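Here's a walk through one predicted model, from its loops to its core. Have a look at the fold first, then read on.

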Amino acid sequence: MMVRPKIQFIQGTDEQTIPDVRLTKSRDGTNGMAIFRFDQPSVFDSSSEVGDITGFYMIDEEGVLQSVDVNAKFVNGKPAGIEAKYIMRTPREWDRFMRFMERYSNENGLQFIKK
């Protein structure tokens, strides 16, 4: 069964805002980190109706990748953005994350720019 790749902060509520994603990887390739930045995420619109942000969930046909390293950014007391970090500690976790990102990117028109 094909599951559309999606990101959620509240389980069952898909995030509509497309993030800016930055990847880092250790020189030896054994671990890495992805930093997702969402400007004005849609979860802020619906969080009062469906509950609190419980984590960061990346969902696709292989299952769920998740992190609890989620921070909201506020400007003048109002929520303005979210930064979520996902840490990969093994080459296997890195490969799994990259498969998710390829599906998510294809679904949402993202492109990879190497710096």
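A residue counts as buried under 20% relative accessible area, as exposed over 50%, and as partly exposed in between (1.4 Å probe, protein chains only). Before we use that: this is a predicted model, so local features need pLDDT of at least 70 and side-chain atom pairs count only at pLDDT 80 or more, while totals for chains, interfaces and linings use all residues. Residues are numbered from 1 along each chain as its sequence is written, and side-chain values use heavy atoms, with hydrogens and water left out.

Most residues other than glycine have a negative phi. Asparagine 76 has a positive one, near 55°, and sits in the loop between S7 and S8. With a relative accessible area of 76%, asparagine 76 is exposed. Helices (H or I, at least four residues) and strands (E, at least two) are DSSP runs here, numbered from the N terminus. Glutamine 40 also isn't a glycine, yet its phi is positive at about 50°. You'll find glutamine 40 in the loop between S4 and H1, exposed at 53% relative accessible area.

**Strands**

**The core**

A nonpolar core is a set of buried Ala, Val, Leu, Ile, Met, Phe, Trp, Tyr and Cys residues joined through side-chain atoms within 4.5 Å. The largest one has 20 residues, and Ile7, Phe36, Phe56, Met58 and Phe97 have the most contacts inside it. Elements giving two or more residues to this core include S1 (6-10), S4 (32-39) and S8 (78-88). H2 supplies the largest share, five residues.

Contact means heavy atoms within 4.5 Å. Beyond its neighbours within four places in sequence, phenylalanine 56 touches, among others, Ile7, Phe36, Leu65, Val70 and Ala84.

**Aromatic pairs**

Rings of Phe, Tyr and Trp (its six-membered ring) pair if their centres lie within 6.5 Å; planes under 30 degrees apart count as stacked, over 60 as edge-to-face and the rest as tilted. The structure holds seven such pairs, including these:

| Pair | Centre distance | Plane angle | Class |
|---|---|---|---|
| Phe9 and Phe38 | 5.0 Å | 80° | edge-to-face |
| Tyr86 and Phe97 | 5.7 Å | 25° | stacked |

Phenylalanine 9 is in S1 and phenylalanine 38 in S4, so their pair ties together parts 29 residues apart in sequence. Both of these phenylalanines are buried. Tyrosine 86 lies in S8 and phenylalanine 97 in H2, so this pair links parts that are eleven residues apart in sequence. Tyrosine 86 is buried at 8% relative accessible area, and phenylalanine 97 is buried at 0%. Phe9, Phe36, Phe38, Phe56, Tyr86 and Phe97 form one aromatic cluster.
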